[in-house]
Amino acid sequence: MKFGAVTIKDIARELGISTSAVSKALKDSHEIGEKTKKLVLECARRLNYKPNPMAQSLKQGNSKLIGIVVSTFDNNFFAQVIDGIESVAYDRGYNVFVTQTHESYELEKLNVHHLTFRSIDGLLISLSTETNDVSHLKSLHAQGLPIVFFDRVSDEIDTHKVTADNCKGAYDATMQLIEAGYHKIAHITSSPNISITTERLKGYQLALDHHNIALNQNYIKYCLHGGKDVVEIENALNDLLLSADKPDAIFTASDRITTTTLKLLHKMGYRIPTDIALLGFTNTQLADVMNPSLSTVYQPCFEMGKKATEMLINLIESKRPVTEFETVELPTEVFIRDSSKSIKTKP
């Protein structure tokens with residue numbers, strides 16, 4: 001017997017009967033005699049035959065498979081989102097197939113193509129930092145593929161979306177820095193292509209406006225690959241910290257940018273927060289034990305994954321065309337630790 005999953009054809013070949021007879025015997029059909037049923041079941045046990053759920057579901061018109069597209073697995077944010085996705089998907093009888101774009105538009109298109117080739121029932125996607133054209137998703141949506149965006153979303157496709165309240169999270173974080181005594185706050189963020197960049201930049205600007213602090217465009221630095229390219233963050237820090245009017249605090253706008261900025265500041269010899277304060281978006285569970293402990297904006301990633309999956313499965317299983325869609329914004333929370341300690345309490 002060949003290595004691999006045993007099929008009905010293998011049982012039929014072993015017993016010298018038709019595949020149709022084997023199939024009917026396994027389904028306990030009245031068309032097959034008891035003697036043949038017994039032979040088929042014994043052979044199935046001996047060959048360790050297991051029904052193929054994919055094949056069965058395809059016969060029923062669905063694959064029970066959800067495709068997922070994220071930027072990278074080794075990111076605290078996306079790892080927690082995937083945990084949330086799986087917690088709902090498996091409970092509802094669906095399997096998941098996760099792909100990563102590494103912030104590449106071309107790889108995003110390729111991943112989506114491969115997922116649809118696998119006959120997925122629906123797609124959960126967070127866009128790459130390079131993506132400013134969603135025509136590859138528009139065509140699939142027009143053909144009826146259920147799609148739900150999470151985190152990095154597109155307004156060009158009318159469907160469900162789940163995000164964190166990025167604007168308020170950035171506003172609260174910047175306000176905390178200002179109220180701690182920092183007034184020259186730089187902002188290192190991701191690609192201007194993606195929704196979270198726009199939303200977090202808006203929150204940052206609103207907080208500055210609230211305190212009548214003029215926006216310094218030289219304090220805003222974009223990392224076009226979302227922090228995947230460490231050199232981008234290094235260049236941003238050099239521009240900021242070697243300038244004549246260097247900032248006294250940095251607000252970072254993504255998980256990878258935040259933790260990499262902390263690492264690079266240490267490497268460059270800066271004392272945090274004595275020389276410069278740091279507060280940023282990240283869901284790292286190590287924030288409390290970092291040196292110094294890291295002030296963070298926390299996003300409910302697990303809940304984001306759960307909600308997006310619930311919405312997608314409801315789309316998949318809807319018996320009528322869905323014409324009304326919802327954008328859900330989940331609340332963020334700012335945790336103040338030593339990296340943004342108040343100027344008044346500094347040694």
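Visitor: What makes the largest nonpolar core a core, and which residues have the most contacts inside it?

Guide: In this predicted model, the largest nonpolar core has 41 residues. The term applies because its members are buried nonpolar residues joined through side-chain atoms within 4.5 Å. Those with the most contacts inside it are L177, I185, I188, Y204, L237, F251 and L265. Two or more residues come from each of α8, β6, α9, α10, β8, α11 and β9.

Visitor: With which residues is L177 in contact, leaving aside its neighbours within four places in sequence?

Guide: L177 is then in contact with Y182, I185, A249, I250, F251, A277, L279 and S340.

Visitor: How do you know that the span of α8 is close to the expected one?

Guide: Helix α8 has 14 residues and reaches 20 Å from its first C-alpha to its last, against an expected 20 Å at 1.5 Å a residue. L177 is among the buried residues of α8, as are N166, G169 and A173. After α8 comes G181, with a positive phi near 110°.

Visitor: Why is α2 called roughly perpendicular to α3?

Guide: Helices α2 (residues 19–26) and α3 (residues 34–46) pack at about 90°, their axes lying 9 Å apart. The class for roughly perpendicular runs from 65 to 115 degrees, so α2 is roughly perpendicular to α3. V22, A25 and L26 of α2 make the contact with K37, V40, L41 and A44 of α3. By class, six residues of this contact are nonpolar, one is charged and none is polar.

Technical notes:
Residues are numbered from 1 along each chain as its sequence is written. This is a predicted model: local features need pLDDT of at least 70, side-chain atom pairs count only at pLDDT 80 or more; totals for chains, interfaces and linings use all residues. Side-chain values use heavy atoms; hydrogens and water are left out. Axes are lines fitted to C-alpha atoms, for helices over the stretch in contact, and angles run from 0 to 180 degrees between N-to-C directions. Helices (H or I, at least four residues) and strands (E, at least two) are DSSP runs, numbered from the N terminus. Angles under 35 degrees count as roughly parallel, over 145 as roughly antiparallel, 65 to 115 as roughly perpendicular and the rest as oblique. Contact means heavy atoms within 4.5 Å. Ala, Val, Leu, Ile, Met, Phe, Trp, Tyr, Cys and Pro count as nonpolar, Asp, Glu, Lys and Arg as charged, and the others, Gly among them, as polar. Buried means under 20% relative accessible area, exposed over 50%, partly exposed in between (1.4 Å probe, protein chains only). The expected span of a helix is 1.5 Å times one less than its number of residues.
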